[in-house]
Amino acid sequence: MNALVALCHFCELHGPRTLFCTEALHPPSPAPSQPGAALPGDRDRDGDREGEGLTMRANSSASQRGEMCEGCRSLPASHPGFVSTDDETGIRFLSHQHPRQSQLFSVVRQACVCPGREGPIFFGDEQHGFVFSHTFFIKDSLARGFQRWYSIVLVAMDRIYLINSWPFLLRHLRLTIQSLQSTALKVFDNEQGVCPQRAVRINSVFSPAVFPHQRSGSAARSLTSLTQHPNLWASLHSSFSWLLKACGSRLTEKLLEGAPTEDTLVLKERQTEQEEEMSCWEGAEGVSTRPQRNQSENQLGSDFLCDEGQAAEFPGPKFRSLRHLRQVLGAAEFRQLVWHVLMGNQVIWRGADPGLIQSAFTVLKALLPVGCVRSIPYSSQYEEAYKCNFLGLSPDVSIPAHVSSSEFSVLVDVVNTEKSCQYSAVSEDDIASMYHFISSSASVQPMDKGKKRPMLLNKLEVALSNENLSVDVVSHCLLCLKEEWMNKVKVLFKFSKVDGRGRDDAQKVLAVLGATGPGEDDNVRLLKFWMTGLSKTYKSHLMMAVRSVERSPSQ
């Protein structure tokens, strides 16, 4: 990550000071060798010597501007600093008291936040860079108010990258800060136990003549003295180096062909919401109440990203693809199940093998946009349809009567056979010999000969029944079909929800989209359900575009 992390201190006598900073030094790009050119190793050694020289010059210039007390100093000017190398990328992480580049010295010094507000803050501009700063205090028995102010700042030129990394940086910087505060608190308690400073100050005689000398005497305490940490700066070097490396590898650039899909936008939105929620819980008081509040959601496995990984943890057979699921269930049962999935009905699987059920959900969820998926992989109690459209249940859970008689749900019971008790002797691919699958639903519309199925289901069945097409080719066909129908959803959303057109106009749009004719009712129902899976980014962008047109003067 092209950034710099620094620990800063606001000295009561000398103002803001930089105590320790870590920056990443990227390896030079390979260039054609020329006669007389320096070797890469020579350039590296020259860079190291240049960095040490800049550090010594920065320390010297700082000393010339004013006397530096012990609280303003971390490493001596002759200290070579700390260096760590990432073997994977060749990036070196260098730590000194001041930055290697002289122009960064003033930038980092200006980034020191004055005391008065504890917590994170973001500021900066395009010229001097952007700063993520977290101000905190360290307990000191000799300081005014028994505490001294510090801040950890991260300076970068990429504003978007820094803002997107806010939850990550906040979470890990707080760990470093809490470690420093807890260590200093122990030293503070020990010193107060030996000589309570509050009583000494109350009993001391105040005199304006000696007050400056009293204050100057208590100012010279270093962070090493406050924490009694023998390897404080080496530990901070490791922490800051890891932070730069992890933050740089967390977000990577990816080449996208065209605009991002709705699935990509929804996944990004959910990831952002999860990180913001985690940061809010970590920063709020009473963090211990979080597990109790979200206990049911965690037990039910509501995270849509973890189903496939959780299924791999369970032993036993698994469904590998939609074609595999169709072969096990049979064409008719598979057609009915997929129809319920596409229509947005609740799909319930009940059985004793959670791994098998979660693998079935993994392949079935590929039929829907990510925004339409609400999954509870395995639960010990029934959950209503508004909470999830994929629900896995243990075999002893009873289904409520209103759900069993509803046409908006389908139940698949997974019944063990005699061979299931000794599945180690049976091939894992032979799921049909280990389980019986009994499907039941109050709706049998896909099976009626007088009714036509939705166009998406017909095309999917053609692809699955063609044995000349591999599983990967079928997956790409399904991806293209989803994108085709998501584009129709966007047109219908713009036409009906944003523009507010009537039913007659909507019927004309459906005809243009090719959703009328045989299976029209199911096509419209599918479009309306998929409309709920549109990303917030797309909806807000569309609404802003419409409002900007309305505000513009009519031609």
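**Cavity lining, sheets and helix contacts in the predicted model**

The residues lining the largest cavity divide into three nonpolar, no polar and four charged. The structure is a predicted model, and a search of the whole of it finds three cavities of 30 Å³ or more. The largest of these cavities has a volume of about 40 Å³. Its lining is made up of Glu262, Asp263, Pro369, Leu479, Lys482, Glu483 and Met486. Two helices, H9 (262-283) and H18 (471-498), each supply at least two residues of this lining. Helix H18 gives the most, with four residues.

Helix H18 also takes part in a contact with helix H20. The axes of H18 and H20 come within 9 Å and cross at roughly 80°. H18 is therefore roughly perpendicular to H20. On the H18 side, the contact involves Lys482, Trp485, Met486, Lys488, Val489, Leu492, Phe493, Ser496 and Lys497, which meet Asn523, Leu526, Leu527, Trp530 and Met531 in H20. By class, nine nonpolar, two polar and three charged residues form the contact of H18 with H20. Lys482 and Met486 of this contact are also among the residues that line the largest cavity.

Trp339, Val341, Leu342 and Met343 in H14 meet Asp522, Arg525, Leu526, Phe529 and Trp530 in H20. The contact of H14 with H20 contains seven nonpolar, no polar and two charged residues. Leu526 and Trp530 of H20 take part in the contact with H14 and also in the contact with H18.

Turning to the sheets, seven strands form an open sheet in the order S3-S4-S2-S1-S7-S6-S5, with antiparallel pairing. S3 and S5 (119-125) are the edge strands, and each pairs on one side only. From one strand to the next, the twist averages 20°. Within this sheet, strand S1 (residues 3-11) and strand S7 (residues 147-156) run antiparallel and are joined by seven bridges. Valine 5 stands opposite leucine 154 in S7. Two helices pack on the sheet. Helix H4 (residues 166-194) touches S5, S6 (129-139) and S7, and the direction of H4 makes about 25° with that of S6. Helix H8 (residues 232-250) touches S1, S2 (15-25), S3, S4 and S7, and the direction of H8 makes about 55° with that of S2.

At one end of the strand order, S3 (residues 82-85) and S4 (residues 92-96) pair in the antiparallel sense over four bridges. Serine 84 stands opposite phenylalanine 93 in S4. The hairpin of S3 and S4 has six residues between the strands, and in this hairpin glycine 90 takes a positive phi near 80°.

Another open sheet is formed by five strands in the order S9-S10-S8-S11-S12, with mixed pairing. S9 (375-379) and S12 (435-440) stand at the edges, each with a single partner strand, so one side of each is left without a neighbour in the sheet. Direction ignored, neighbouring strands of this sheet are turned by 15° against each other on average. Strand S8 (residues 346-350) and strand S11 (residues 409-416) run parallel and are joined by five bridges. Valine 347 has valine 410 in S11 as its bridge partner. Helix H15 (residues 354-364) packs on this sheet, where H15 touches S8, S9, S10 (390-393), S11 and S12. The direction of H15 makes about 170° with that of S9.

Technical notes: Residues are numbered from 1 along each chain as its sequence is written. This is a predicted model: local features need pLDDT of at least 70, side-chain atom pairs count only at pLDDT 80 or more; totals for chains, interfaces and linings use all residues. Side-chain values use heavy atoms; hydrogens and water are left out. Contact means heavy atoms within 4.5 Å. Ala, Val, Leu, Ile, Met, Phe, Trp, Tyr, Cys and Pro count as nonpolar, Asp, Glu, Lys and Arg as charged, and the others, Gly among them, as polar. On a 1 Å grid over the protein atoms alone, a cavity is a set of points where a 1.4 Å probe fits but cannot get out, and a pocket is an open set with protein on both sides within 12 Å along at least five of seven lines; lining residues have an atom within 4 Å of a point. Grid points are joined across faces, edges and corners, and a volume is the space filled by probe spheres set on the points. Two strands pair if DSSP finds at least two bridges between them. Axes are lines fitted to C-alpha atoms, for helices over the stretch in contact, and angles run from 0 to 180 degrees between N-to-C directions. Angles under 35 degrees count as roughly parallel, over 145 as roughly antiparallel, 65 to 115 as roughly perpendicular and the rest as oblique.
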